[in-house]
Structure formats: C-alpha cells, structure tokens
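Please consider the sequence and the coordinates together. The explanation begins once they have been shown.

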Amino acid sequence: MSKTEKKLVIFSELDVEKALKNALQKTRPDIIGEVRESGLKGRGGAGFPTAVKWNLAAAAQGERKFVICNADEGEPGTFKDRVLLTDYADQLIAGMVLAAYATGAREGIVYLRAEYTYLRKDLEATIEKMRGRKMLGKKILGKDGFEFDVHIHMGSGAYICGEETALIESLEGQRGEPRNRPPFPVTVGYLGCPTSVNNVETFITALHIVEKGAKWFKTFGTDKSTGTKLFSVSGDCEKPGVYELPMGITIKKLLETVGGPDAKAVQVGGASGTCVPRKDFDRAIAYEDVATGGSIIVFGPHRDMLEVAINFMEFFCEESCGQCTPCRLGTETLLEGLDMLDEGKCSLKYLRELCSLGETMQISSKCGLGQSAFNAFLSIIENFKSEIFDTRCSCR
Amino acid sequence: MLASEREQLKAEINKMAKKCDHHRSGLIPVLQHVQNVSRHISPEAMQDIAEAFKIHPVEVQGVVSFYSFLSTEKKGKFVVRLCRTISCDMAGKEAVANQLENELGIEFGETTSDGMFTLEFTNCLGMCDQGPAMLVNDDIHTRVTPEKVADIIDTYRNRFGAHVTHGEHA
C-alpha cells in the first residue's frame, strides 16, 4: 500500500495521550467551537458538519448518550478506513473519547463490518491497551467525573448499514432498514438515546484539529471544503493506495499524483458517486464541486463504460434493503435497461423513460442508497452514450 | 442435528441472551455465534433464539434473511467469498472465479459435496488497491491469480485434515 509522501493532517505526527490530555483541559463548548471553526464535515461521504452533530448531541437531554464509530466501510472503491483501523486505531479511539467528552456520552461502540473481522483482534488489543493507560474507563487521564468506554460490534454483511439509522437498527438487533427522519439520531438514536455517529476518519481528523488548531487545519483545502481528505485510489493507475490530499484538488492533479495520465474517466465517490469524463478533469474534488467519501476509481482508455454501469447497478440491486418501492424496483428496472442497452435493444425513448424513473428515485427514495443509485447510471449514459450505442449496435 | 447438539446450542444461546438481559440488541451477536458453530441457522435454532429473546421466530428469520453473512442453508466449513465489485472486476476477478470453480468443482452459490467449501460472490471487500481480493472465512487474500487459487484452497483443505474446528482458523 502506498501512502502519500507528504504528511499533512491525518498522517501527521500526533502524541495521542498528550492530545487527549490537552483536550480534556478545555471546556466542552471550546472543543465543539474549535471543530466548528475548522469547518470539518463528515468524512464518510455525506458531509454533514461535525460540530453541528456534536452540538446537537451535547444539547440533547438523556440519561445515557452514545458515541458510535461507523466502521462499516462498504462503498465500492473505499478502503481508507481499513488503513486507519490498522495503523491509527489509537487515534480513532482517542477521537471517540474526544467526541464523548464533547457530547457528554459515556458509552461508545465501534460498528465494524463483517468483512473486516480480521482487524478485530488488533483493534481489541488497542482498546485494552488504552484502558491500561487510563484513556478509557473511569476518570479518564485523571479527569474527574469523566468516564467512557468502547466495545466492538460486528456487522453481518450489509452495505446499507453504513447509513447511520440503518446502523442503529442493526445494533438494536433489527434488519438494517433506515429509519424515517426526523427524529435524527442526535436526539433519538441507539436505544432511543442521543447518539452521535461519525466516520472513522472524522474522529481522527477532529482529534488533530483540537490538538493543532482550526486555523492550521484551514491552511489546507478550500473555503467551503476545509482541510485534507483521505482518498482511496484504485483501478487503472500505476500507484493505487491511500493518499492524503488537500480538498479542492482537481481530478487532473490527482491523476498526476497516482499515475493515471491516460484515464478516460474517473468515478468519484464510489457506486453512489459520479463518473467524471476526461473533458471535465479540471473539476475539483470538494463538497462544492464533485463530492466524495474518498473513493476514486480510475478507468483507462480501453474500459467499456457500460460494463462499469452494469457492475454498479448490480451492486445496488443486491444491496437495496427493499424497504421502499422506488429503490427496490427502481434499481431492478434500471439494471434491466442497462442489459437491454448491452444487447443493443434499448430505444432512446425507453432510455429517456429510465432517466425519468431515475429522477423519481432521487426524490422519492427513503435514504441515500436509493437517492444516489441513479448517479452513476446517469453520468455514464450522458457522457458515453455514443460509445455505448456505437459498440452495441454495430455488433448485432 | 442431534438432539444433544441442539440442547448444547440452546444452552449457549440462553447463556448469551441472559448476558444481555434478553435485550434485542444482543440478538445479532447470538446469530453470529450460531452461524459460526453450526455454519447455518436452522429452523430449530431460530425457535430457540426466539424463545430466549421472547420474540416471534419470524422476527428472527427476518433478521437472518437480511444479512449476507447469516444463512438458513448450511454453508461449507470454509466460505470463499470473491469480491465482484468494480476494482476487483477490472483487476481480473473473472479469471479467478473461473479457476475457483475448476478447483472446487462447483459453481458460485454452491457447496462442495463433502461440505468443505462454499463458493460465493460478495460486494466490495475494501481491498480495491490489491485486487482481485477474496475472503476465506475471516482471512483476507489479495492479488489472487488463477495460479494461486489451488494453493490457497489446499491450505484450507489441509488444515481441515488436521481436525481444526470452525472458528479456530483465523
């Protein structure tokens, strides 16, 4: 695995114990204030401001409160959390302690996907070690009245459980079907208690911010997308791996870094993201332009883009929880349409109908899965329509 | 399932359920345990679990059917899960899939007649930079090539020969 040579934020040096000790000397509003000032947004992909989430959880009334780490990394092309869970587990747990302190939670859960069971043993050893060093348990690092502990809960193989309300359902022993919102988990979450669910990378980034300052963090990135981000790069490039790069980097620049100069398209944001063709490589990867949870998949000049679209749609058909109709039936119908295209049997009229169906899914699906399942379909069809029709119709 | 085996499993289920005060949040860990020891969750086990948690067996079945790592059909001692998502697909998953079928003599979705191996596709394993990737039970294998498939399968076959019980492999 290749990591970026430059250590910017997440990969920069940090003394975990010292950082936590310093943080516990600050007041809760100061910590949330620092995170707010930094402009940190959720690194799992949805991009919700972290400070707002923590503040709502802190303000919510509840005898019990929870901090949950979403380590259900399942978006196709994303693997940065795997690297963080392997090499930066102590920072993750410390980040959870920080969140617990800021929100007033005493209990923490790491929801680890079933596919990462092989990481569990080391993660548990890290947690045990941190208990030994008084960074978990009662009176953390000598702080009176502050207690917090963490346990690991294993997932059972469901992409949808990366959605925070589905994740909570799963923790409660239910099918992983997303809930209606509001109420949001920050007020009614796990077991009905105020709960803050954050991504692995978010916890670690927040810890660095509180230790080193929002001002320093904002020296990276753009006005609307501050700081750096981990990118999981795979596909047709010379150096796949995890890279830490400033937000707002153009796709072109990113491709230079990873060695993919002749790419014809890049999928930004995984199956639920957007396919960006070569002509748009000047676009920036940022919340205000092309957003991503970190998944970058590079497609070389020889790739058949319809096959890519089919692969993504098969993924959604399998992973749709089936709870709401637009998503359950919509994904199936879009996949049938792609198969028709593949056989050279799809009229343009029907293709237009499929696109209208996709728009319906975007507005009427209950959660992010159904709302975003059409993105890849649309961006691939729009940008590679002539390639698809030329190759399919001529081979009949 | 032998009656005594069922009794033993039932005792384990009740013990685990008691530990979490029979609260529903303890259900999935119990299901994962049953899946691990008996390689599936039988109708009898579902009834025992339902009783332990004081819920209807249908509730239990609803949860089992939802998750891809839980199953009502008996799986092989070793479950081979090959990643079918785009990056592994582009890295040559099809050739690996083909060779897995050749080595095991079964198709995807099937279990070998000796009950040793189940072959499945799975979605993204988070090893996109090192594809094609596959899991064998909890072990991850990366950069798998068709030539490597036989060796990987043999390691598990031999371990099985040494009477390793399920769950100790990782």
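The following paragraphs treat a sheet and then a pair of helices in this predicted model.

Strands of a sheet may pair in a parallel or an antiparallel manner, in either case through backbone hydrogen bonds. In chain A, four strands build an open sheet whose order is S4-S3-S2-S5, and their pairing is parallel. Its edges are strand S4 (149–154) and strand S5 (195–199) of chain A, each of which pairs on one side only. On average, and with direction ignored, neighbouring strands of this sheet are turned by 20° against each other.

Within the sheet, strand S2 (residues 66–71) and strand S3 (residues 107–112) of chain A are joined in the parallel sense by six bridges. In one of these pairings, Phe66(A) has Glu107(A) in S3(A) as its bridge partner.

The second topic is a helix pair. Helix H12 (residues 325–342) and helix H13 (residues 348–364) of chain A pack with their axes 10 Å apart, at an angle of about 155°. Because angles over 145 degrees count as roughly antiparallel, H12(A) is roughly antiparallel to H13(A). The crossing in which H12(A) passes H13(A) is left-handed.

Which residues of the two helices meet? From H12(A), the contact draws on Pro326(A), Cys327(A), Gly330(A), Thr333(A), Leu334(A) and Gly337(A). Facing them from H13(A) are Tyr350(A), Leu354(A), Leu357(A), Gly358(A), Thr360(A), Met361(A) and Ser364(A). By class, the residues of the contact of H12(A) with H13(A) comprise seven nonpolar and six polar, with no charged residue.

Notes:
Residues are numbered from 1 along each chain as its sequence is written. Chains are lettered from A and ligands numbered from 1 in the order in which they are written. This is a predicted model: local features need pLDDT of at least 70, side-chain atom pairs count only at pLDDT 80 or more; totals for chains, interfaces and linings use all residues. Axes are lines fitted to C-alpha atoms, for helices over the stretch in contact, and angles run from 0 to 180 degrees between N-to-C directions. Angles under 35 degrees count as roughly parallel, over 145 as roughly antiparallel, 65 to 115 as roughly perpendicular and the rest as oblique. A crossing is left-handed if the near helix is turned anticlockwise from the far one by less than a right angle, and right-handed if clockwise. Two residues are in contact if their C-beta atoms, placed from the backbone, lie within 7 Å. Ala, Val, Leu, Ile, Met, Phe, Trp, Tyr, Cys and Pro count as nonpolar, Asp, Glu, Lys and Arg as charged, and the others, Gly among them, as polar. Two strands pair if DSSP finds at least two bridges between them.
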